[in-house]
Amino acid sequence: PVGSTITFSGFNDIDFNTVLNALMDQASQPLTALQTQQSALQSQVTTYGTLTSQVATLQSAAQDLADLSTTSSFTAQSSAPSAVSVSTTGTAVGGDYDVIVNDLARAQVTASTSVSSDASTTVVASGGSLTIGGVAVAVAGDVTLQGLADAINGTDGIGVRAAVIQTGTDAYRLTLTGSLSGQANGFTVTNGLTGGTGVTFADTDGNGISGDSAEDNAVNASDASLLVNNIAVTGSSNTFTNVIPGVTFTAYAKDPNTTVHIGVTSDSSAFAAKLDAFVKSYNDIASFINDQRTSAAQGDASSIGRDALLRQLSGSLRSTLLGAHGSDALTRLSEIGVEFQRDGTLSLDTNTLTTALANNESDVRDLLSGTDGAFTAVSGVLDSYSQAGGFLSTATDTLTRQIKSMDQQIQDMQARLAQQRDSLQQQFTQADLAMSQLKSQTSSLSSFGANLGSSL
């Protein structure tokens, strides 16, 4: 390295700065080589980070195919999605269904008959308890209407949500809404609060219990009531999962005079989308590995193309994808359209996939997922690379340790070079001084000789 310029006498013809810098450049070559090597290793760490990210993406795509429980080769459509929405699962079958929504499931709503002038200042109770659905909410000390609502909402397992609503000028009421809809989820209120201005609820039958009569409630808990292909269906929720095989539908609007049509038809797009995602991710890794090998062959020290890990990863994936899987009629991915090309990339023939699904969806599922499925096996292979302590993290950790070790070597070498430069600077300064003194003495002797000659 070039240090500060040395100021010499100028009486001699030797450029000691040029000599010093040349000597230090020569001495610094091992340091420069080590720094270049460290920079290459740092680039390799970055490259391994890219590969790790690509492997994670590929594994995510493999896991999506290893679990196809929510993936269906059928799609469902509703003629009125705002009234009845639909979705499919892996067990859907084709069919047509007419749905009439006679009534929606509702959660019970019970409001206080008492009105408070404010929500957060007036004390409505100072003791006692409010029992809701058999769960007591004890009051110990003064509470406002909002404070009572907070106490109710903070009680585990009570099954209601409390809120304070403003019903007019300086008029606030407490409302209790069931957490779940359906007749079975109705609740009662037994009021044992004391003190304050009081909180009251309707008790139409006068039995000391509120909510057990329809007149006590703003909304009564009720079940949904539908006709599906003219078959009566009821439920505590407006979402139904077991009425149409493999189809979940949710009713949003009550309309006994309107028929909503649900059609379930064959559709391989969900399978194709998941396979496409895997194929793309695999091809990204294949391209990455090929690029690394090319750069390594061209002498790029920052490439990881010579690492056996890449050959191992590529070989393991290829053999797994080409292998036999499942236990049914289909055992090879090529039978559903997933094949290797001559350049080592994968492709998906959607026509072959569609035909395979139409002939026997169960065989396709068995080939792709489950204990013996192809992508369960692929995910297992990738685990050994991606997990903590796996091949990728081990390779990265090894490089990181080497880089850290080089840090100390570089610091030591820089310190030695600095000392060497200081020593040379001192030596050259002394040499320059000595030469200047000699030159001065020579000049004096010459003058003396000349003077002596002229006097004789």
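Guide: A salt bridge is a side-chain nitrogen of Lys or Arg within 4 Å of a carboxyl oxygen of Asp or Glu. The model is predicted, so local features need pLDDT of at least 70 and side-chain atom pairs count only at pLDDT 80 or more, while totals for chains, interfaces and linings use all residues. Residues are numbered from 1 along each chain as its sequence is written, and side-chain values use heavy atoms, with hydrogens and water left out.

Visitor: How many salt bridges does this rule give?

Guide: The count comes to 3 salt bridges.

Visitor: Why is the contact of Arg106 and Asp103 called a salt bridge?

Guide: The N to O distance between the side chains of Arg106 and Asp103 is 2.7 Å. The limit is 4 Å, so the pair qualifies.

Visitor: What makes Arg106 and Asp103 partly exposed?

Guide: Buried means under 20% relative accessible area, exposed over 50%, and partly exposed in between (1.4 Å probe, protein chains only). Arg106 has 33% relative accessibility and therefore counts as partly exposed; Asp103, at 21%, is likewise partly exposed.

Visitor: Which residue forms a salt bridge with Lys280, and where do the two lie?

Guide: The partner of Lys280 is Asp284, with the closest N and O atoms 3.2 Å apart. Both lie in helix α4, 4 residues apart, about one turn of the helix. Helices here are DSSP runs (H or I, at least four residues), numbered from the N terminus.

Visitor: Is Lys280 buried or exposed, and what of Asp284?

Guide: Lys280 has a relative accessible area of 54% and is therefore exposed. Asp284, at 35%, counts as partly exposed.

Visitor: What volume has the largest pocket, and what makes a space a pocket?

Guide: Its volume is about 250 Å³. On a 1 Å grid over the protein atoms alone, a pocket is an open set of points where a 1.4 Å probe fits, with protein on both sides within 12 Å along at least five of seven lines; lining residues have an atom within 4 Å of a point. The volume is the space filled by probe spheres set on the points.

Visitor: Which helix gives the most to the lining of the largest pocket?

Guide: Helix α4 does, with 8 residues.
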